[in-house]
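Subject: Structure for you to look at

Hello,

Here is the structure I said I would pass on. Please open it alongside this email; my notes follow below.

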Amino acid sequence: MAVDESAANESCVGPSSEGAGKASSCEGCPNQQACAAGAGRAVDPDLEVIAQRLAGVKRKLLVLSGKGGVGKSTMTAQLGFALAARGLRVGLLDVDICGPSLPQMLGLRGQSVHRAASGWSPVYVNHPDDAAAADVELGVMSVGFMTPSDDAALIWRGPRKNGLIRQFLTDVDWGELDYLLVDTPPGTSDEHISLVQLLGATLGPHDGAIVVSTPQEVALLDVRKELSFCAKTQLRVLGVVENMSGLAVPLRSLTLRDADGADATGPALALLAERCPELLELSAHVDVFPAARGGAEAMAASFGVPFLGRVPIEPALTRACEAGRRSLPGSPDVVRPIADRILASTEMEREAEEAAASMMDGSL
Ligand code: ADP
């Protein structure tokens, strides 16, 4: 009797888990009998292949969010850039199969994947005209490199999506990496269960999930489900990031209008520069989304997981993502504090410092 994963019920604990077939959530599932008989615990031969493939990867991070549009892909791309800029070798795996955003955000649209004898080769970020991205070692694998045209819709059922995830994990030749970041689809779907089952045995004590939310209840509601999923599947949560946490606008970049609506920026800034120049260094902070019940920080505390910090809405970041760039000249690096905390929580700070020092030596 075989387990049909595509027919599993919504809150499946996983056919290979200890509770398979016996958990209360197995009631009514067509696989219950097969799972209880241990059919799902038969060793999956791909697990060994995946362990060998990822043997050269020091840290694995799954970027999750319960909801779409909260900035999960942005965070994956920006963390990739930030870690690679520290001299670390980084791979980004985009398993958001129906909505892959990483090729666009990394300036790699239109690229395609090459198959070599050793497996699929990732596509590498290389922006010779972008000093901030030059010389970074950032490899990307995405279904976006495999579709015939940008507008082609991928309408795949669960088992086919799971098959591609399996192939990404068994066939991509990442080589030696300091970090592999996996950008997942929103929610807690089939793809998440597959990922956790296939990667689970390779996850070490410093690997785990980065969970992204925005501050308002409509996002937190779904992100709480994501945190429950992590608890259920014993996926360690390295931390929660609150993205789009207010809008910070430097006073110098505001357009100031007089009572009639006319542009008064020039004279107003000149007056400030003359009378009170220190005010010109201030930023205006606007809470765009109301932080419901303490926002993501309070949610992280209630689940007993770390809070990694807040990333404001930064218009220059939206434009950088659209342009497939790490950042625009003169714009603040709003994700860097989060990357620093991830380095600390995964105990990779020392290696990052050594990599940065050897990058400096190389450029002298
Ligand atoms: P998700 O992967 O969760 O669906 P995306 O990363 O695609 O969300 O982000 C949705 C949009 O919001 C993108 O256009 C992205 O550039 C923008 N965005 C995300 N975070 C920020 C931010 N902190 N500041 C400005 N724009 C952001």
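**What I found**

Ser 73 is buried, at 8% relative accessible area (buried is under 20%, exposed over 50%, partly exposed in between, with a 1.4 Å probe and protein chains only).

Before the rest, the ground rules. This is a predicted model, in which local features need pLDDT of at least 70, side-chain atom pairs count only at pLDDT 80 or more, and totals for chains, interfaces and linings use all residues. Residues are numbered from 1 along each chain as its sequence is written, and side-chain values use heavy atoms, with hydrogens and water left out.

**The annotated site**

Ser 73 sits in helix α3 (helices are DSSP runs of H or I, at least four residues, strands are runs of E, at least two, and both are numbered from the N terminus). Leaving out residues up to four places away in sequence, Ser 73 touches Ser 101, Leu 102, Met 105 and Asp 183 (contact means heavy atoms within 4.5 Å).

Lys 72 is also in helix α3, which covers residues 72-85. Lys 72 is buried, at 7% relative accessibility. Beyond its neighbours within four places in sequence, its contacts include Asp 96, Asp 183, Thr 184 and Val 212.

An unreviewed UniProt entry lists both Lys 72 and Ser 73 under "binding site", along with Gly 66, Lys 67, Gly 68, Gly 69, Val 70 and Gly 71. UniProt positions follow the numbering used here, feature names are shortened, and annotations may be inferred rather than shown by experiment.

**A helix pair**

Helix α7 (residues 217-232) and helix α9 (residues 295-303) have axes that come within 11 Å and cross at roughly 30°. Axes are lines fitted to C-alpha atoms, for helices over the stretch in contact, and angles run from 0 to 180 degrees between N-to-C directions. α7 and α9 are therefore roughly parallel (under 35 degrees; over 145 is roughly antiparallel, 65 to 115 roughly perpendicular, the rest oblique).

From α7, Leu 220, Val 223, Arg 224, Leu 227 and Ser 228 meet Gly 295, Ala 296, Met 299 and Phe 303 of α9.

**Two loop residues**

Gln 234 has a positive phi, near 55°, and is not a glycine. Gln 234 lies in the loop between α7 and β9 (237-250). At 74% relative accessibility, Gln 234 is exposed.

Glu 347 also has a positive phi near 55° without being glycine. The loop between α11 (336-345) and α12 (349-363) holds Glu 347. Glu 347 is exposed, at 53% relative accessibility.

Best wishes
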